[in-house]
Amino acid sequence: MSAESMFVAHTRVVTVDQPCRGFRRIVLAGEDLRRASPDLLGTLPPGVPDLHQLYRGARPRRDAYVKVLVPPPGGVSADPDLSAGFRAGFLAIPEAERGWMRTYTVRSAGRTRVDGHDVPALTIDVVLHGDPDDADDPHQGPGLRWARTVTAGDDVNVLVPSADAPAWAGWSPTGARRVLAVGDETAAPALISVAEELADPFGGFDGEADLVLELPAGAELGDLIAERLSVPAAWDASRPLDVARHGRVRLHVGHRDGDDDAGSPGAATGSWAQARLAALLGLRDADPVEPPPAEGEAREWSLAEPVSGADRPDTYVFLAGESAMVRALRRLAVGEGGIPKRNISFMGYWRQGQAEG
Ligand SMILES: Cc1cc2nc3c(=O)[nH]c(=O)nc-3n(C[C@H](O)[C@H](O)[C@H](O)COP(=O)(O)OP(=O)(O)OC[C@H]3O[C@@H](n4cnc5c(N)ncnc54)[C@H](O)[C@@H]3O)c2cc1C
C-alpha cells in the first residue's frame, strides 16, 4: 500500500449504539470521506440516504475495512504524515501521543448531517470482547476501550483508501457456483454484508451460498442481522437461516464450545465452525483439525486468485476471524475438502494473546 493510495480522514462520531449485547455500533462521518475510494463508500445518487438501498455495484467490496486511529487516554486521535509511508508516519509520532491503529470492517455506508452539512458516513460494529469489569483482563485492548467509551461528538481520524485506489478487502467470489464463507464474531459485519449482497435478487448471484458464523458462548447478533435481511425476529440458531428469497443463501449461526481454560469469553476455538464447515464439505465424520503452527510473525492473509475469462470456479471459500481458527479451517478445506488453495481467501483478523501490531 503506497502512501499516495491512502489518506487520513478527519471524522466525527455521529452516533454510538448497542445493537445487541456483544457489539457496539459506531457511525463516523465527515466531509473528508468524499475523497475516499468509491469501492469503499460507493457513490450515492441524490435522494438515496443509505447505500444498502441500492443494488450491487453501489458498494462492491462488502468486507472493506478501514484503520481507526485510536487516541491515547486523554489525548486526541493521531494525524500522521503519510509521505514516508503509513507505518513510518505513524511511528514518527511520539509514543505518548500516538495511540493505536485498529482495523474494522465498514458494515455500511451512507450520508448524514454534520454541522448542517450533508456528509458521507460509515458504520463500524466493534466486538465487545473480554470482561469490562476486570482491569487485568488481557483481552481489553485499546480499540475495545475506545469503543466502550467513545461518545457522539468525539473526533477521530481514520486511515482510508484514496479515491483512485481500490478498497482494502478480501471478498472476491469470482462467479463461483458455490460459496462457503466462515467467520467468527469479528467477521460478523463482513459476513452479514456479504449475505446481503448474495441475497439481493438483482445482485447477479446465481449459485448456492452457505455463510457460517461462530459466536462466543451466549453471544447474540440481534439487530445486526434482522435489519436488512428480512429474517424473523426469533429463530432457531441451531438451524440454518434461509436469508435469500429463493433459498440460495443460508446463514448458519452457532456458538463455540464454551469458554477457554481461563474462562475467558473471548476464546476463539473455531470448534463449532469447523464441524459446520466439515458437514458442508460433505465430511460429516471429520475429526477436529489442529491448526498448523503459526509462521512466526507472518500475517495469516492470502486471497483467492482472480479467474480469467469464462473460468468459473466450482467453489469459493472465504475464511475470516481468529488466526489459528482460519488456519485450521483452511487446512480442512484444502485437505479433506479438496478445495484448491487458489479458490480460498483466508484472513486472520486477530490473534489470540497478541495485540494488533
Ligand atoms: C480486515 C479486518 C477487519 C476486521 N473487522 C472487525 C470488525 O468489523 N469488528 C471487530 O470488532 N473487529 C474487527 N477486526 C478485528 C480487530 O481489528 C481486532 O480484534 C483487534 O485486535 C481489536 O483491537 P483491540 O485494541 O480491542 O485489541 P488488541 O490490543 O489488538 O489486543 C488485546 C488483546 O485482546 C485480544 N483480542 C483482540 N480482539 C479480540 C476479540 N475479538 N476477542 C477476544 N480477544 C480479542 C488479543 O488477542 C490480545 O490478547 C478486524 C480485523 C481485520 C484485520
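Predicted model: local features only at pLDDT ≥ 70, side-chain atom pairs only at ≥ 80, totals over all residues.
1. Start with the largest pocket, which holds about 1200 Å³ of space. Its lining is made up of 40 residues, and Y349, W350, R351, A355 and E356 lie nearest the centre. Sorted by type, the lining has 15 nonpolar, 15 polar and 10 charged residues.

2. Where does the largest pocket lie? Domain 1 (3-161) and domain 2 (178-350) both give residues to the lining, so the pocket lies between them. Several elements supply at least two lining residues each, among them β3 (65-70), α2 (86-91) and β14 (344-350). Strand β4 gives the most, with four residues.

3. Now look at the charged pairs. Side chains of opposite charge can pair when their charged atoms come close. The structure holds 19 salt bridges. One of them joins E196 to R107, with the closest N and O atoms 2.9 Å apart. E196 sits in helix α5 (residues 188-199) and R107 in the loop between β4 and β5 (108-114), 89 residues apart. E196 counts as buried at 10% relative accessibility, and R107 is buried at 1%. These two also belong to a network of salt bridges that links R62, R107, E196 and E197.

4. Next, find D210 and R178, whose closest N and O atoms are 3.7 Å apart in a salt bridge. D210 lies in strand β9 (residues 208-215) and R178 in strand β8 (residues 178-183), so the pair ties together parts 32 residues apart in sequence. D210 is buried at 2% relative accessibility, whereas R178 is partly exposed at 25%.

5. Finally, R327 forms a salt bridge with E300, the closest N and O atoms being 2.8 Å apart. Both residues, R327 and E300, are buried.

Technical notes. Residues numbered from 1 in each chain as written. Heavy atoms only, no water. 1 Å grid on protein atoms, 1.4 Å probe; cavity = no way out; pocket = protein on both sides within 12 Å on 5 of 7 lines; lining within 4 Å. Points joined across faces, edges and corners; volume = space filled by probe spheres on them. Nonpolar A, V, L, I, M, F, W, Y, C, P; charged D, E, K, R; others polar. Domains from an automatic or database assignment. Salt bridge = Lys/Arg side-chain N within 4 Å of Asp/Glu carboxyl O. Buried < 20%, exposed > 50% of the residue type's maximum accessible area, 1.4 Å probe, protein only.
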